[in-house]
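Good morning, colleagues. Please take a moment with the sequence and the structure before I turn to the strand pairing.

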Amino acid sequence: MHRPAFLLSIFSAAAFGAFVTAASAAPPSIEGSWSGKGVISHGGASDQVHCRVRYTKAGGSAYTYNSTCATDTGRYELLGRIKSSGGKRYTGSVSSPDYKGSGNVLLFQKGNHLSITVTNNKGSARISLTKN
């Protein structure tokens with residue numbers, strides 16, 4: 001009679017330990033190559049965009065990145081830096097050496113998927129990336 005209770009307590013302790021480990025585990029690193037697509041909105045118009053992004057660990061919870069994005073009307077090189085703002089959320093900046101523009105980046109990570117919103121005074125972009 002004591003055996004089932006003992007087994008139940010061992011199982012419960014093991015399950016709780018696994019839950020705590022999973023809950024406290026860090027999300028997978030965003031370091032590496034990603035690619036995907038989205039929409040750029042500007043001046044009342046919108047364009048489809050395809051991007052390739054490379055994130056490099058910059059120390060602590062910060063990453064630098066460089067990306068190449070293309071629309072039907074052009075190709076854009078973008079650079080930036082993001083930092084974890086808690087959990088699977090990152091915030092930072094983006095700039096374009098070619099167009100002398102800059103903006104803000106908000107990134108959410110869900111496993112091997114990133115949802116990115118970029119905003120500046122000329123428009124915005126929403127992009128979904130998958131790790132390569």
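**Strand pairing around the barrel**

I begin at one pair of residues: His42 stands opposite Gly123 in E8. Strands here are DSSP runs of E, at least two residues long, numbered from the N terminus. This is a predicted model in which local features need pLDDT of at least 70 and side-chain atom pairs count only at pLDDT 80 or more, while totals for chains, interfaces and linings use all residues. Residues are numbered from 1 along each chain as its sequence is written, and side-chain values use heavy atoms, with hydrogens and water left out.

Strand E1 (residues 32-42) and strand E8 (residues 123-131) run antiparallel and are joined by nine bridges; two strands count as paired if DSSP finds at least two bridges between them. The whole arrangement is a closed barrel of eight strands in the order E1-E2-E3-E4-E5-E6-E7-E8, with antiparallel pairing. From one strand to the next, the twist averages 25°, taken between axes that are lines fitted to C-alpha atoms, with angles from 0 to 180 degrees between N-to-C directions.

Let me now turn to two hairpins. Strand E5 (residues 89-96) runs antiparallel to strand E6 (residues 101-110), with eight bridges between them. Within this pairing, Tyr90 has Leu107 in E6 as its bridge partner. Four residues separate E5 from E6 in their hairpin, and Lys100 in the turn has a positive phi of about 55°.

E6 is also joined to strand E7 (residues 113-120) by seven bridges, again antiparallel. Here Val105 stands opposite Val118 in E7. This hairpin has two residues between its strands, and Gly111 in the turn shows a positive phi of about 65°.
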